[in-house]
Amino acid sequence: MKNFRLTSNRMLLSHPKSFILLTLLALALALIGRTLHAQENSLAKEDLACLTCHDKAGLEKKLTNGESLSLQISTQAYTESMHKGASCEDCHSDLNAKTHGKTKADIKSKRAFSLNMRESCRTCHEKKFTEYEGSVHAALITQGSKKAPLCSDCHNPHTLRSTRIIGPITDTPCAKCHADIFQAYSKDVHGLDRIANGKAAPLCANCHQAHGVKAASLGDGVKDACLSCHKNAVALHKDWLPNAALHFEAISCPVCHAPNAERRVNLRLYDGTAKRQVAEKTGVPKFEKRTDAADTGNSGLDERALWSLLKEFNQDGGDGKMVLRGRLEVRSGVQAHQLSEKSKAIRDCNTCHKQGAAAFQSVTLTIAGPDGRPLRHGIQKDVLNSLTSMDSVRGFYAIGSTRIKLLDTLLVLVLLGAVCVPLGHMTIKRLFKNMREKLEAERAAAPVQAASQTTPDAQHTDDDVSK
Amino acid sequence: MHKLYINPLPVRIWHWTNALGFVLLIATGLQIRYLDLIQVLSFRTAVVTHNWIGFVLIANFFVWLGFYLFTDKIKVYHPELSPTKYFRASWRQIQYYGYGIFRGDPNPHHPNAYLKFNPLQSMMYQIIMMLLVPLQFFTGVLLWDVTRFASMVETFGGVRVVDTVHVLLFILFSGFIIVHVYLSSLGHTPTAHFKAMITGYEEIEDEPEAGGS
C-alpha cells in the first residue's frame with residue numbers, strides 16, 4: 001500500500017499537466033493571501049483594532065427594548081464597501097476609546113440607534129441628505145412614523161456597494177416596505193427588462209428618486225421621469241392622438257400603459273395663484289374636518305358640498321384662486337407598476353370617451369397631507385356630469401363621458417321644436433288651404449270686377465267726348 | 001314675374017360651403033359627443049374630420065366677411081338705420097309668417113339687390129354671422145388644442161365652460177338648420193329660394209299695378 005502511494009505521488013509530480021495545475025493553485029492561494037493582506041493593510045491601525053473585536057461572529061448587543069443589535073462587521077465586506085476610505089471614527093466619533101466596551105451604553109432600540117446615527121451621514125452626504133429631508137420618507141418620520149426608512153434601512157454603512165454594481169433586483173431596499181408594488185414591478189415591462197438587461201431598464205430610484213422621493217400620485221414627477229427616458233413619447237403620441245398635450249397633462253401614463261388597471265378621476269385641490277397643489281398644514285387638519293362635515297351620509301361629496309368646500313378653502317386663501325385640477329390615474333401603486341409592452345397599451349378612444357366609461361365611475365378629491373402623502377375623500381361620480389358643478393370642476397372635462405346631461409335634454413327639446421314648429425306651420429297652411437284658395441279667387445276676381453265697373457265709365461267718357 | 005340677380009357668386013359659394021360644412025360638423029359633433037349611441041365613425045376619425053372642417057369653415061367665413069366688407073352689398077344687412085321702420089317692418093313680417101301666409105297674403109318684403117333680406121332675416125343673420133358663428137369658431141379653436149390656449153381657456157372659465165358654450169351653439173345651429181330649410185321653402189314656390197341660391201337669380205312676383213296708372 002505504501003509503495004503504491006509513493007508511486008502515485010511520483011507519477012503525479014512527474015506528470016507535466018499535474019505540475020502546472022499545482023503551480024497555478026499555489027499562485028492562486030498566494031494571490032488570495034496577498035489580497036487579504038492588502039485589504040487589511042488598506043485600513044488604518046485604529047480601524048483594524050476595531051475590527052479585531054467586531055469581526056467576530058455572533059457579536060451583538062441587547063437593547064433596552066429587548067432587540068438584539070448585531071455588532072459584527074465583516075472586514076472583507078467593509079474593505080470592499082464604498083466606505084472603505086472612511087475610518088470607524090468618522091461615523092462613531094461619540095465613542096470613547098478608553099471606555100468603549102468597558103462601560104454599558106444604553107440604546108433604546110435599533111430604530112433609536114439608526115435615528116441617532118443618521119446625523120453622521122449628513123456630514124459627508126449633505127446634498128443627498130437635504131434631498132432626503134424634503135422627501136415623503138423624512139416627512140413621515142417628522143410625523144412620528146416608526147416605519148419610514150432611515151439612511152441605514154436602505155444603505156448598510158459597513159457593506160455599502162457602489163450603485164454601478166448591478167445586483168439582482170431583489171436586493172433593492174425599497175422592496176422591504178413596498179413588497180406588493182415590487183412584486184408587480186418585477187413582472188411588468190420594466191422589471192422583466194431589468195432582469196434581462198440590467199441597468200438599461202429602470203429600477204425604483206430611476207423614476208421615484210432615491211432620496212427626494214415624493215408621493216407618486218401628487219405632482220408630475222413620475223411622468224417627467226417617464227419622459228426622461230421616453231424622450232420622443234410626446235411626438236409619437238402627437239402622430240395619432242388628437243390633443244396629445246392635453247392627454248399628457250390630464251392622464252397619468254399607466255392609465256393607458258397598464259391596460260388591466262382600474263382607473264379613477266383624481267380632482268386635486270390646486271392653488272391657482274401659487275401654481276401648486278394645496279397642502280394641509282401640520283397640526284391644522286382642515287381637509288378631513290371639512291370633508292367629513294360636508295359628507296354627512298358618507299356617500300361622497302355631491303356638487304353642492306363640493307362647491308361649499310371650495311368656497312371654504314378659497315376663504316382661507318383670501319384671493320379666490322383655489323381650483324380643482326382633474327387627472328385620470330390608476331387606483332393603486334400596485335396597478336401603476338403593471339406596465340405592459342407598448343403594443344398592448346390602450347389606443348381605443350372608446351375606453352374613456354363613452355358615457356358610462358369605467359374610468360369615470362370613481363372620483364376622489366385630493367390634497368397633499370402634512371406627511372407628504374395624499375389625503376383623499378370620495379366624490380359622487382354624478383358631479384362630473386352636472387351643470388351645477390361646472391365651476392367646481394371647470395378644469396376637467398372628457399368629451400362624451402363627462403358630458404353635462406342637461407345639455408342632452410336641451411338638444412332633444414331643440415330638435416323636437418325645430419321639427420315640430422315647421423310641421424305645425426305646414427299643417428296650419430294645409431288647413432287654411434280652402435280659405436286661401438277662396439281668398440285668392442276673390443282677389444283675382446276683384447280687379448276684373450273693378451275693370452268691368454270702370455269700362456262703362458270710360459265708354460261714357462268717350463261717348464261724352466264723341467258727343 | 002321677373003328675375004333679380006340677388007345672390008352674387010361669392011355669396012353662393014360661401015353659403016353652400018357653409019351649409020355642407022355645418023351639416024358635417026353637426027354629424028361629426030354628434031358622433032364625438034354620443035359615442036355610446038352612434039358608431040358610424042371612430043372617435044378619432046370624427047375628431048380629426050371635425051377639426052379639419054372647422055378650419056375650412058373659418059376660412060370660408062372670411063370669404064363672406066371679405067365680400068361684404070369690400071363691396072357695397074353690405075347694405076343688405078342694414079339698408080336703412082331707422083329702428084322705428086325696422087320694428088314696424090319686423091312686426092309686419094311676423095304677422096305674415098304667423099297669419100298672412102295662411103290667408104295667401106302677399107309677402108310684405110319686396111327684395112331688390114340692396115334689400116335682400118326681410119327685417120327678421122337681417123337681424124337673425126347678423127346675430128348669427130357676427131356673434132354666434134365667430135363664437136363657435138373661437139371655442140372650437142380653443143378646444144382643438146386646449147393646452148396651447150390654456151391661459152385663454154382659463155380666462156373664459158375653464159375647459160368645461162368653453163365646451164358648454166360650444167355645445168350650446170351646436171344645439172342652436174342644429175335647430176337653426178332645420179328651421180332655415182323650412183323657411184327657405186316658403187317662397188312663391190317651395191323651391192324658389194333654393195334655386196335662387198344656386199343660380200343667383202330670385203324670381204320676384206310682379207306687384208299688381210294700381211288703377212291702370
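Two chains and their contact

Student: In chain B, what share of contacts between residues at least 6 apart in sequence join residues at least 24 apart?

Tutor: Among those contacts of chain B, 67% join residues at least 24 apart. Two residues are in contact if their C-beta atoms, placed from the backbone, lie within 7 Å. This is a predicted model, in which local features need pLDDT of at least 70, side-chain atom pairs count only at pLDDT 80 or more, and totals for chains, interfaces and linings use all residues. Residues are numbered from 1 along each chain as its sequence is written, while chains are lettered from A and ligands numbered from 1 in the order in which they are written.

Student: And what is the figure for chain A?

Tutor: For chain A, 70% of the contacts between residues at least 6 apart join residues at least 24 apart.

Student: Back to B. Which pattern does chain B follow along the sequence?

Tutor: The pattern of chain B is β-α-α-α-α-α-α-α-β, with 7 helices and 2 strands. Helices (H or I, at least four residues) and strands (E, at least two) are DSSP runs, numbered from the N terminus.

Student: What about helix α1 of chain B, how many residues has it?

Tutor: Helix α1 of chain B, residues 9-33, has 25 residues. From first C-alpha to last it reaches 35 Å, close to the 36 Å expected at 1.5 Å a residue; the expected span is 1.5 Å times one less than the number of residues.

Student: Which residues of α1(B) are buried?

Tutor: Among them are B:W14, B:F22, B:L25 and B:I32. A residue is buried if 20 or more other C-beta atoms lie within 10 Å of its own, exposed if 12 or fewer, and partly exposed in between. The buried residues of α1(B) pack against α2 (43-69) and α6 (159-184) of chain B.

Student: New topic. How many residues does the contact take from each chain?

Tutor: The contact takes 38 residues from chain A and 30 residues from chain B. On the chain A side, α15 (244-250), α20 (405-431) and α21 (433-466) each give two or more residues. Of these elements, α20(A) gives the most, with 12 residues.
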